[in-house]
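Please look over the chain below.

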Amino acid sequence: MEVLRKDRDTPKSRRTRARILDEAVAVIAAGGYAAATNAAVAEAAGITRGAMLYHFPTREDLLEAVIEHLQAERAELFRRAAEDLPSGADVTEHAIDSYWELLRHPAFTAFMELEAAARTDPTVAALIAPARAEFDRAQIGDHFLKMLHAGAGPRFQASRDLARFMLEGLARADLSYDGDARIERLLTVIKRATHMLNRKGGVTDLWPE
């Protein structure tokens with residue numbers, strides 16, 4: 001990550017930089033990585049191309065900063081979700097509901113768009129790889145994962161992975177009919193399967209009847 005020169009590390013410069021990164025996230029979330037050229041982000045942020053080049057001379061510089069920005073934002077969103085547990089709520093179900101809501105947040109949508117771009121763009125793949133590994137090691141998602149289960153080992157990892165990958169896959173899905181009802185049914189099954197793997201409560205059947 002580029003170290004800011006002293007002439008860039010001023011309150012005004014930091015505000016401009018933050019606005020650029022916020023707008024870059026919004027552009028990526030709305031139109032994918034291909035839409036997030038430096039020129040498009042500069043226009044969205046309401047700055048000149050010269051000012052954009054001053055902060056981010058290349059698209060790679062911008063992407064690297066955006067990924068770091070997304071990591072920090074996602075970690076903060078996880079922290080808030082973990083602290084927002086209602087009294088008497090089921091911890092596992094709250095974690096699943098919280099993550100499902102977070103997956104619609106622009107920070108998570110933008111990250112998924114970068115993951116999609118990484119499949120065919122080696123530069124994106126290289127820059128996003130450490131962030132993906134950090135998440136998978138449960139550092140960024142630690143707050144969520146602590147909510148989701150209270151154990152360790154392959155079975156508890158499977159419960160985490162089942163919930164995580166099903167929710168992420170569902171967030172990427174384009175349901176063509178009866179979307180709300182199908183999503184609700186799938187969320188119920190995810191919760192019940194997670195309970196079963198964690199051996200919490202008396203859930204013994206994936207399909208509630």
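## The largest cavity

R74, Y99, L103, F108, F111, M112, E115, R132, F135, R164 and E168 form the lining of the largest cavity. A cavity here is a set of points on a 1 Å grid over the protein atoms alone, where a 1.4 Å probe fits but cannot get out; lining residues have an atom within 4 Å of a point. Helix 6 (106-118), helix 7 and helix 9 are the elements that each give two or more residues to this lining. Helix 6 supplies the largest share, 4 residues. The space inside is about 90 Å³. Volume means the space filled by probe spheres set on the grid points, which are joined across faces, edges and corners. The structure has 2 cavities of 30 Å³ or more.

This is a predicted model: local features need pLDDT of at least 70, side-chain atom pairs count only at pLDDT 80 or more, and totals for chains, interfaces and linings use all residues. Residues are numbered from 1 along each chain as its sequence is written, and side-chain values use heavy atoms, with hydrogens and water left out.

E168 sits in helix 9 (residues 154-172). Helices are DSSP runs of H or I with at least four residues, strands are runs of E with at least two, and both are numbered from the N terminus. Is E168 buried or exposed? E168 is buried, at a relative accessible area of 10%. Buried means under 20% relative accessible area, exposed over 50%, and partly exposed in between (1.4 Å probe, protein chains only).

Leaving out residues up to four places away in sequence, E168 touches Y99, L103, M112 and F135. Contact means heavy atoms within 4.5 Å.

## Aromatic rings

The whole structure contains 4 aromatic pairs. Rings of Phe, Tyr and Trp (its six-membered ring) pair if their centres lie within 6.5 Å; planes under 30 degrees apart count as stacked, over 60 as edge-to-face and the rest as tilted. Two of the pairs are tabulated.

| Pair | Centre distance | Plane angle | Class |
|---|---|---|---|
| F78 and F135 | 6.1 Å | 40° | tilted |
| Y99 and F108 | 6.2 Å | 75° | edge-to-face |

F78 is buried at 1% relative accessibility. F135 is buried as well, at 7%. Y99 and F108 are both buried. F78, Y99, F108 and F135 make up one aromatic cluster.

H195 is in helix 10 (residues 179-198). H195 is buried, with a relative accessible area of 7%. The side chains of H195 and E93 are joined by a polar contact of 3.4 Å.

## The chain overall

The chain has 10 helices and 0 strands. Of its 209 residues, 38% count as buried. Among contacts with a separation of 6 or more, 65% come from residues 24 or more positions apart.

How values were computed: 1 Å grid on protein atoms, 1.4 Å probe; cavity = no way out; pocket = protein on both sides within 12 Å on 5 of 7 lines; lining within 4 Å. Polar contact = N/O pair within 3.5 Å; in protein donor to acceptor, adjacent residues only side chain to side chain.
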